[in-house]
Amino acid sequence: MAVLLSEIKWGDPVLPATHDLEWEAELKRRGAQILEVDRRVAPNRWLREAAYEATNYVPIALSERLHRMGNMVTAQENACRYCYGANRAYMKVLGYSESFIQQVERDVQTAELDAKERAYIAFCRSLARSRPRPAAAERTALLELGYTPDQIGEIAFAISIGCFYNRVSTLLAVPSEQKFERMASGPFRWVLQLALPLMKKFGPRRPVQAAPDRAALAAGPFGMVAAPLAGLRAGAVMKAALDGAFESGRLSRSAKLLMFAVVARTLGCPHCEADANRLLAEEGLRPAEIESAIATLHCPRLAQREAGLLAWARDTVYYEPSSIQQKTRALGAELGDADALLEAIGVASLANGTVRLAMLLE
């Protein structure tokens with residue numbers, strides 16, 4: 001049975017909040033709430049944009065009902081106290097009863113869900129858990145139930161970007177949004193229920209941009225994973241995150257590629273592992289060196305301060321929150337740089353999301 005909110009042990013924040021006034025003003029301009037996560041990822045431009053998209057992405061092929069249920073289930077499977085609590089509270093604000101939420105989180109069949117919705121919840125759990133990742137058969141089953149290819153792409157993206165965001169929040173040990181959770185469960189919940197639709201209707205909107213085509217998405221590191229999202233804005237979100245992560249120089253490019261390779265090997269994804277190997281070869285690593293690094297979680301080519309990244313990246317695939325938070329603090333001491341630690345957290349989290357999204361290639 002999936003973990004429940006009360007069972008998740010959570011440590012103190014790994015990095016302090018940063019009040020970047022320019023970024024906070026930009027979030028307000030976009031009509032977004034400034035969350036605890038936003039204040040902790042603010043120093044890293046690509047990471048803060050990816051985190052913003054993870055919480056503010058509006059699906060076009062998928063209903064909000066399914067999107068919200070999927071977010072909660074994904075956070076539950078990843079044991080993210082921060083995201084699980086926030087998504088659970090959000091469902092209450094949207095009018096879902098406590099009994100319904102408990103049935104969903106306990107994976108109990110409920111009369112309020114039809115067969116198609118139950119299959120969706122099962123797919124969300126399976127992809128978030130990835131023991132092993134869903135393959136072609138699971139995607140075919142959703143198609144046979146009436147989901148369209150665009151809907152399946154958006155489902156896979158939502159779960160994958162959710163897994164990314166869950167890890168960012170967990171690795172940073174971000175404190176919960178206590179005020180929001182209390183209001184969502186208290187007698188003044190109706191205030192939020194009235195305010196949220198008005199904020200969506202009258203709040204600032206970002207300009208709608210054309211979705212990149214398949215060829216544009218396929219360019220760049222791990223572009224083949226984003227390519228199946230052609231026609232959806234989700235593709236642009238993934239490409240921007242991947243491009244940003246590999247353009248940033250707080251960690252070496254070889255270290256980041258090896259982190260992706262380790263996560264891909266751990267989750268059994270030949271597509272991402274092959275692309276990581278290709279890109280590592282461009283960095284001058286020989287096949288034997290790459291295989292040794294993935295197998296032993298050690299690479300002599302990396303700087304001494306980056307030596308612990310590969311073992312830690314593997315530990316971010318499956319973890320117990322308080323344990324991985326302790327390991328993340330230890331990694332920060334080895335790196336000796338808060339900006340490098342934040343980058344490592346972003347890269348490992350993005351690798352976990354990217355490899356899960358690659359199930360669309362099966």
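1. Basis. The model is predicted, so local features need pLDDT of at least 70 and side-chain atom pairs count only at pLDDT 80 or more, while totals for chains, interfaces and linings use all residues. Residues are numbered from 1 along each chain as its sequence is written, and side-chain values use heavy atoms, with hydrogens and water left out.

2. Overall content. The protein chain has 20 helices and zero strands; these are DSSP runs numbered from the N terminus, with helices being H or I of at least four residues and strands E of at least two. Of the 362 residues, 54% are buried, meaning under 20% relative accessible area, where over 50% is exposed and the range in between is partly exposed (1.4 Å probe, protein chains only). Among contacts (heavy atoms within 4.5 Å) with a separation of 6 or more, 73% join residues 24 or more positions apart.

3. Surface. The accessible surface of the protein chain is about 15,400 Å², and carbon and sulfur atoms hold 54% of that area. The areas come from the Shrake-Rupley method with a 1.4 Å probe; for residues, only the protein chains shown count as cover.

4. Helices 14 and 15. The axes of helix 14 (residues 233-247) and helix 15 (residues 253-266) come within 9 Å and cross at roughly 135°. Axes are lines fitted to C-alpha atoms, for helices over the stretch in contact, with angles from 0 to 180 degrees between N-to-C directions. The pair is therefore oblique, the class left after under 35 degrees (roughly parallel), over 145 (roughly antiparallel) and 65 to 115 (roughly perpendicular). Leu242, Ala245 and Phe246 of helix 14 meet Arg253, Lys256, Leu257 and Phe260 of helix 15.

5. Cysteines. Zero disulfides are found in the whole structure, a disulfide being a pair of cysteine sulfur atoms within 2.5 Å. For Cys269 the closest cysteine sulfur is in Cys272, at 3.7 Å, which is too far for a bond. Cys269 is buried at a relative accessible area of 1%, and Cys272 is buried at 0%.

6. Loop between helix 7 and helix 8. Arg131 and Pro132 are joined by a cis peptide bond with omega of about -5°. Pro132 lies in the loop between helix 7 (115-129) and helix 8 (136-144), and Ser130 has its place in the loop between these helices. Ser130, not a glycine, has a positive phi of about 50°; Ser130 is buried at 2% relative accessibility.

7. Leu297. Phi of Leu297 is positive, near 60°, in a residue other than glycine. Leu297 sits in the loop between helix 17 (287-296) and helix 18 (309-315) and counts as buried at 12% relative accessibility.
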